[in-house]
Amino acid sequence: MEDSLVEYGSRRVIITITAILCALLEIVDTTIVNVAMNDMKGSLGVSLTDIAWVVTAYAIANVIVVPMTSWLSQQFGRRNYFAVSIIIFTIASFLCGNATTMWEIILFRFIQGLGGGALLVTSQTIITESYPMAKRGVAQAIYGMGVIVGPTLGPPLGGYIVDHYSWPFIFYINIPIGILATVLTFMFVKSPKYSEKTSFRKVDFLGIALLAIAVGSLQYVLEHGQQDDWFQNSTIVTLSIASVFGFICFVWRELVYSNPIVNLRVLKDSNLAIGTILSFILGFGLYGSTFIIPIYTQSILGWTATDAGMLLVPSSIMTAFMMPLIARLLQRGVEPKYLVATGFLVFFIYSFWAHNVLTPDTGAEHFFWPLVIRGVGLGLLFVPITTLSLSSLQRKQIGEGAAFTGMMRQLGGSFGIALITTFISRWTINHRLNLVSHLETTAPEVQARVAGLQQGFIAKGFAPNEALNKAYQLLDMSVTKQATVLTYMDIFMFLGILFLICIPFILFFIKKGAGKVDISAAH
């Protein structure tokens, strides 16, 4: 009976804290590296393209291991698998901090990702099963706080550590938390009784290989597509083909093999099938907007990494505030689909508002309210989507369902970031060409601007000819900056419209009563 895993009182509190700590460890590590990449490339003596592999290796390992977590839990026992994953993650963190070459840190980040992928999904399953059915919404709210706050915590924490210490400490910070989480896991976390284990001879090694090829190739294409000029690059083309064929062969293998590594049949549950699609869109919005704002504030407005990261904190606080309220609404019988539709509408309002406040000198005060609105939107989306996805699953299916939603959220984020980086480079060029075509160098106001700039440089001691060149360079830079601002405005509008389009589908396709919490189970 699944209720044997339900905990009460202080045990449940400790298990919940342990699981949240582990989820936070894994998610913070996904984004904390972004702000340290400049320092890392300097001390390792490599280019920015090379050091980007530190992010890619972690993401690829994550996406490969997430769908396998349910199967691995059954093989080794959930508690053992969870604890070993924390230990792998912690040791790899120490090795990352001590790495002296690029290949070392890429290898250790990959190993860290293999440990980390398990933490996210298994912690969700542990929290879900520790609460009775009627409190599943509360369980998802608590887990959701970690998942939503994590990506936001990464940049300011990373910025602070890099500004005040040195980059290895972004990895060392994991070690005491990892040790504490391991001890708590062995003391408090229970393993469900699994009826069957797969003997070594029957392990689906072909399934594992096909999964690694399919999602590993896809993750590489998404991370490196833009900088390698997409399908003009032979590696990208080869890996795209490998990914498509890998997925087709993987699906076929899992459906015909007697002991599949990933149980695809669980997707017959219509709530889970819809939930995985919504998780993908949530990942797209969550990671896409978390990615775009620090880049905008640092590259256009010239903020520090710490300031850029701190800007997102009010949004996270708002989300954390919303989570228990949403959980209470679900407990009172409000249908998840109405909350999700409202969440998408709120996200559209946030995107539209952000589109309207962007200028080359937008201040923190202009971003504050749109980001608070974003926090409300994420609160409305995360808990209902996860509750809907797992609402009609039992026992080990919960772990399998959580693995699908986790993987799709991760892939949604990767798709979002890949699409946004492509748009930034393509649309900026188009806007720049458009602005330049309307810029008449002979126009009186342009001439007056250039003359004013030239006089400024002459006053600083430059020769007239040199001052004129510098004036034109400054004009050129301001055109490029304006083109970039227009691009970011377009991206916010694009994200907003994407969310708006989803609303009718949510209301139409999610059946009445789907994912609704059974209140009678509470008594």
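In this predicted model, phenylalanine 494 is partly exposed, with a relative accessibility of 27%. Phenylalanine 423, by contrast, has a relative accessibility of 15% and therefore counts as buried, the limit being under 20%. The ring centres of phenylalanine 423 and phenylalanine 494 lie 5.0 Å apart and their planes meet at 85°, so the arrangement is edge-to-face. In total, 14 aromatic pairs were identified. One aromatic cluster is formed by Phe344, Phe347, Tyr350, Phe492 and Phe499.

Aromatic rings also take part in contacts with charged groups. Arginine 109 is placed over the face of tyrosine 58, at 4.1 Å from the ring centre. The charged end of arginine 253 likewise sits over a ring, that of tyrosine 257, with a distance of 4.0 Å to its centre.

On the surface, a nonpolar patch comprises Phe231, Val237, Ile241, Val244, Phe245 and Ile248, which together have about 580 Å² of accessible area. Among these residues, valine 244 is located in helix H12 (residues 234-256). Its relative accessible area is 48%, so valine 244 is classed as partly exposed.

Helix H17 (residues 364-390) contains 27 residues and, at 1.5 Å a residue, should span 39 Å. The C-alpha atoms at the ends of H17 are 38 Å apart, which agrees with this expectation. H17 is mostly covered, as 21 of its 27 residues are buried.

Note on methods:
Residues numbered from 1 in each chain as written. Predicted model: local features only at pLDDT ≥ 70, side-chain atom pairs only at ≥ 80, totals over all residues. Heavy atoms only, no water. Helix = DSSP H or I, 4+ residues; strand = E, 2+ residues; numbered from the N terminus. Expected span 1.5 Å × (residues − 1). Buried < 20%, exposed > 50% of the residue type's maximum accessible area, 1.4 Å probe, protein only. Patch = residues over 30% accessible without salt bridge, like charges linked within 9 Å, V, L, I, M, F, W, Y side chains within 5 Å. Areas by Shrake-Rupley, 256 points an atom, 1.4 Å probe, with all protein chains shown as cover. Salt bridge = Lys/Arg side-chain N within 4 Å of Asp/Glu carboxyl O. Phe/Tyr/Trp six-rings, centres within 6.5 Å; stacked < 30°, edge-to-face > 60°. Lys NZ or Arg CZ within 6 Å of the ring centre and 35° of its normal.
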